[in-house]
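Please open the model in your viewer and keep the selection tool at hand. The tour below goes from one selection to the next and says what to look for at each stop.

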Amino acid sequence: MIDEAAIRARIGQFRVADGSGLPAAMIDSVAVRDGMVQVALTIAKADAARLEPVRLGLEQSLAAMAGVRNATVMFTGPRAPAASAHTSAEPPAATLLGQVKSIIAVASGKGGVGKSTVAVNLAVSLAAKGMRVGLLDADIYGPSLPRMLGTKGKPDMAGNQLVPIDAWGLKAISIGHVVSEETAMVWRGPMVLNALMQLMTQVAWPALDVMVIDLPPGTGDIQLTLAQRLKLTGAVVVSTPQDIALLDARRGVSMFQQVRVPVLGIVENMSFFCCPNCGARTEIFGHGGARAEAARIGVPFLGEVPLLPAIRETSDAGTPIAVSAPGSEAALAFMAVAEAVIGQMAGERTAGPRIVIE
Ligand SMILES: Nc1ncnc2c1ncn2[C@@H]1O[C@H](COP(=O)(O)OP(=O)(O)O)[C@@H](O)[C@H]1O
Ligand SMILES: [Mg+2]
């Protein structure tokens, strides 16, 4: 088994063109799991182009080691004062996922609101409309795609790239395929980001019409940096009707606005409860809060999804309800959300530059 010490030793032996080694201070972090290697090198931004051959050379050298399935070497900026990510809106790296026409991030202010449920069912609904759809589970603290899609095994490798899993008409990869939850929990921000970048650069994504990304919950540096590094078409913010969740949703909306990512709209999940026995509709948390909130902050409302036991059951069974029970109330609700998203994406493609008032 290849381990961190072996990788660090190989990095120590690595020589650049002039015969010198890499300064120890440059090695920001090294992570190894199941033969997957990630190394982060700290450099000044201005040096990135000059040092690209070094990055590539080191990556190839590590990839060539016995026991290494896949190696990624990334540059990170010098450890910056904590707040900097919030103030700079860097231009997105357009080369990431260049083969994907539209990238939609599904986000929420907090966990447990049904972000993954919406992401998965939105993705399969878009696929049912004939689009070529990818699903990337970037929720490092709670990857749920393998369970929700019913895909247990590890993805195959093609050369040094992961091959997305085929499931329910989607091409899918989860952060859960690359790192274990326990590993992710103790990682600092840069390592998390490296792992996420690996999902974009080291996965053999085919040409796709849409990529749906299940983001981690919240509005921290990970979400911000992804929003900055990816050319997102827009964000879908999932919320429940409870007021507290709506406050979180507002934070999510304003985060995307700050980094100039269009907010395609808000989805109200667990909107109301339909009794499976009598069919009576109960508005457990009060209903319509997300619609009112969307209107108040001036973003589109994309629809409401009822609270239904069948949604949870199909999620747990790995049979997303939008495909496994087409025509059901839940499937129709997700299809309506998908149609609203398609409408908003079309709008974003034709819209001119927008002015964001902060
Ligand atoms: N509309 C719904 N009706 C019933 N259960 C739901 C609904 N949306 C989500 N759930 C359930 O709630 C739990 C949390 O949903 P999940 O999508 O994992 O949330 P998140 O990704 O925001 O943490 C899961 O058990 C899921 O099956
Ligand atoms: Mg989730």
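Which residue forms a salt bridge with Arg55? Select Arg55 together with Glu52 in this predicted model, and you will find the two joined in a salt bridge whose closest N and O atoms are 2.8 Å apart. Both belong to helix H2 (residues 48-63), where, being 3 residues apart, they are separated by about one helical turn. Arg55 is buried, with a relative accessible area of 15%, whereas Glu52 is partly exposed at 28%.

Next, select Asp139 and Lys115, whose side chains meet in a salt bridge at 3.2 Å, N to O. Asp139 lies in the loop between S5 and helix H5 (145-149) while Lys115 lies in helix H4 (residues 115-128), so this pair ties together parts that are 24 residues apart in sequence. Both of these residues, Asp139 and Lys115, are buried.

Now move to Asp137 in strand S5 (residues 133-137), which is buried yet has no salt bridge, the nearest side chain of opposite charge being that of Lys115, 6.5 Å away. The side chain of Asp137 does reach the backbone nitrogen of Ser144, at 3.0 Å.

Finally, turn to the largest nonpolar core, which has 49 residues, with Met211, Leu230 and Phe256 making the most contacts inside it. Helix H7 (189-201) is one of the elements that give two or more residues to this core, and H7 gives the most, with 6 residues. If you select Phe256 and leave aside its neighbours within four places in sequence, its contacts include Ala107, Leu215 and Val263.

Methods:
Residues numbered from 1 in each chain as written. Chains lettered and ligands numbered in written order. Predicted model: local features only at pLDDT ≥ 70, side-chain atom pairs only at ≥ 80, totals over all residues. Heavy atoms only, no water. Core = buried A, V, L, I, M, F, W, Y, C linked by side-chain atoms within 4.5 Å. Buried < 20%, exposed > 50% of the residue type's maximum accessible area, 1.4 Å probe, protein only. Helix = DSSP H or I, 4+ residues; strand = E, 2+ residues; numbered from the N terminus. Contact = heavy atoms within 4.5 Å. Lys, Arg positive; Asp, Glu negative; His and termini not counted. Salt bridge = Lys/Arg side-chain N within 4 Å of Asp/Glu carboxyl O. Polar contact = N/O pair within 3.5 Å; in protein donor to acceptor, adjacent residues only side chain to side chain.
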